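Have the sequence and the model side by side. The text below goes from the elements around the ligand to the sheet, and ends with confidence.

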Amino acid sequence: MSSPSSHQLHPASVIASSGAPLRLYGKRIVVRPLVATDFEAWSEVRHRNGEWLSKWEPIKSAYLPDPATNRDAFNNRCTARDRERQTGGSYAFGIFIEGSFAGEVNINNVVRSAMQCGTIGYWIDVARAGKSYMSEAVLVVSKYAFEDLGLHRMEICIIPRNYNSCRVMEKLGIRQEGLAERFLEINGVWEDHVRYGFTVEEWRQRSEQLSAEWLQ
Ligand SMILES: CC(C)(COP(=O)(O)OP(=O)(O)OC[C@H]1O[C@@H](n2cnc3c(N)ncnc32)[C@H](O)[C@@H]1OP(=O)(O)O)[C@@H](O)C(=O)NCCC(=O)NCCS
């Protein structure tokens, strides 16, 4: 049985509500919440990566303004994510390389109580692909989840034919748990997903080696 304290909101989940800037660091990347002034950079990258990303994402609603073209919608997206961070439901971050916006990595669907878990989602600008930046980003947010938010388990779910994303898991040695059939509706289709799991026990066992390789 886990201790009662592990069922409470961890203090680090309140950092963002204080307005203090949250910055997480890998060897080559900085990870931070997106803010209104990131609109131009985010919009440029999203436009240029339309085809690269749309096949791995849910279809966008035709009834909602597109944050890639509409500044107010982008601001609202930032505000909604700030609120989610403050209430501990999810933790969304931009990835920055040499000061430039390069993609996103999120801890979504945070469940507390007996579960203490979150789901990691990510994408990177195709112009930055192939340099293992996402392995670094996954470790940066996993460390934050385990050591600051007090979560017990991270999950990453990937369509089996998304070879590039499966490679991120392979490079990090994250454990494959099995196939969830018709798990998420991606680009209009209920797609099977391979589930990968990473628990705090595994992090503790491997953190020295993983940190030396990707974070320090
Ligand atoms: C999945 C993704 C985040 C991987 O990020 P990354 O930082 O490029 O990861 P890696 O550098 O480890 O590359 C993984 C594999 O992608 C392939 N790859 C590399 N550069 C590529 C490029 N320019 N174009 C296409 N594929 C490329 C390679 O096979 C590479 O494996 P390798 O290093 O063994 O050769 C990225 O491919 C992406 O954003 N894809 C679109 C969105 C997506 O799939 N999100 C995840 C949904 S689960």
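Helices here are DSSP runs of H or I with at least four residues, strands are runs of E with at least two, and both are numbered from the N terminus. The model is a predicted one.

Start at the ligand. In those terms, α2 (50-54), β5, α4 and α5 (163-172) each supply at least two residues of the shell around the ligand. The largest share, 5 residues, comes from α5. Of the 21 residues around the ligand, Ala129, Gly130, Met134, Asn164 and Ser165 come nearest. By type, the shell divides into 12 nonpolar, 6 polar and 3 charged residues.

Now turn to the sheet. It is open, has 8 strands with mixed pairing, and runs in the order β1-β2-β3-β4-β5-β6-β8-β7. At the edges stand β1 (24-25) and β7 (175-186); each has a single partner strand, so one side of each lacks a neighbour in the sheet.

Last, confidence. The protein chain has a mean pLDDT of 93, and 91% of its residues reach 70 or more. Over residues 1-11, however, pLDDT stays under 50, and the model has 9 contacts beyond four places in sequence for them. Where pLDDT is low, the predicted coordinates should not be read in detail.

Key: Residues are numbered from 1 along each chain as its sequence is written. This is a predicted model: local features need pLDDT of at least 70, side-chain atom pairs count only at pLDDT 80 or more; totals for chains, interfaces and linings use all residues. Two strands pair if DSSP finds at least two bridges between them. A residue is near a molecule or strand if its C-beta atom, placed from the backbone, lies within 6 Å of it. Ala, Val, Leu, Ile, Met, Phe, Trp, Tyr, Cys and Pro count as nonpolar, Asp, Glu, Lys and Arg as charged, and the others, Gly among them, as polar. pLDDT is the predictor's confidence in each residue, from 0 to 100. Two residues are in contact if their C-beta atoms, placed from the backbone, lie within 7 Å.
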